[in-house]
Amino acid sequence: MDFKESRTKENLMRAFAGESQARNRYIFSAHEAKKSNLYVIESVFEFTAKQEEAHAKVYYDCLKEIGGKNITIDGNYPVDIYNNVLDLLKAAAHNEMQEYEHDYREFGDIAKEEGFTKISNIFYNIADIEKTHSNRFAEFANMLENDKLFISDVETEWMCLNCGFIYKGAKAPEMCPVCKHNKGYFIRIELAPYAK
């Protein structure tokens with residue numbers, strides 16, 4: 001099939017638009033988390049936004065063959081405007097699961113049927129990444145909702161994401177004794193980036 005006539009080119013543009021929008025939604029959500037002194041959640045949104053940007057680039061690069069042209073698409077995109085960080089996390093988890101279970105799998109199937117095996121594999125691989133995003137958002141939403149973001153049922157280690165101080169206890173300290181940042185900067189060591 002000629003790529004210029006394919007549904008795959010349209011699905012790539014839909015995916016590019018979706019990833020671009022997700023990136024911005026997560027940046028906006030990070031701002032809301034910051035207002036609530038939840039630096040850990042702010043970091044989760046920013047970390048995921050960076051990955052969404054990378055996905056958008058991958059999809060956009062697949063369109064190089066038709067550079068300089070316009071692609072008309074239709075699509076449904078979420079409007080997740082909440083002042084509540086928990087609602088933002090839940091919406092993000094839902095949207096990422098939608099991409100995993102439906103959107104990118106379907107796009108991958110279509111690309112495969114049209115003979116674009118490399119692009120179908122890209123859709124399937126990014127679908128799997130979106131599941132990881134969904135699980136991450138759901139885990140943090142669950143901890144926040146159940147008042148377990150800074151409290152553990154057992155003694156654990158907590159890392160300050162600002163300076164790296166590690167504290168051992170059943171709950172994060174109210175303030176880091178080293179850099180004086182509030183508890184919103186603490187994360188369980190097993191969830192800290194590059195910790196182990």
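**View 1. Threonine 156 and its bridge partner in β2.** In this predicted model, threonine 156 has glycine 169 of β2 as its bridge partner. The strands β1 and β2 run antiparallel and are joined by 5 bridges, where strands are DSSP runs of E with at least two residues, helices are runs of H or I with at least four residues, and both are numbered from the N terminus. Residues are numbered from 1 along each chain as its sequence is written. Because the model is predicted, local features need pLDDT of at least 70 and side-chain atom pairs count only at pLDDT 80 or more, whereas totals for chains, interfaces and linings use all residues, and side-chain values use heavy atoms, with hydrogens and water left out.

**View 2. The open sheet.** Three strands form an open sheet in the order β2-β1-β3 with antiparallel pairing, two strands being paired if DSSP finds at least two bridges between them. β2 (166–171) and β3 are the edge strands, each pairing on one side only.

**View 3. The largest nonpolar core.** Among the 32 residues of this core, Ile41, Phe45, Leu89, Phe137 and Phe140 touch the most other members. A nonpolar core is a set of buried Ala, Val, Leu, Ile, Met, Phe, Trp, Tyr and Cys residues joined through side-chain atoms within 4.5 Å, and buried means under 20% relative accessible area with a 1.4 Å probe, protein chains only. The helix α3 gives the most to this core, with 6 residues.

**View 4. Leucine 89.** Apart from its neighbours within four places in sequence, leucine 89 is in contact (heavy atoms within 4.5 Å) with Ile41, Phe45, Phe137, Phe140, Ala141 and Leu144.

How values were computed
Buried < 20%, exposed > 50% of the residue type's maximum accessible area, 1.4 Å probe, protein only.
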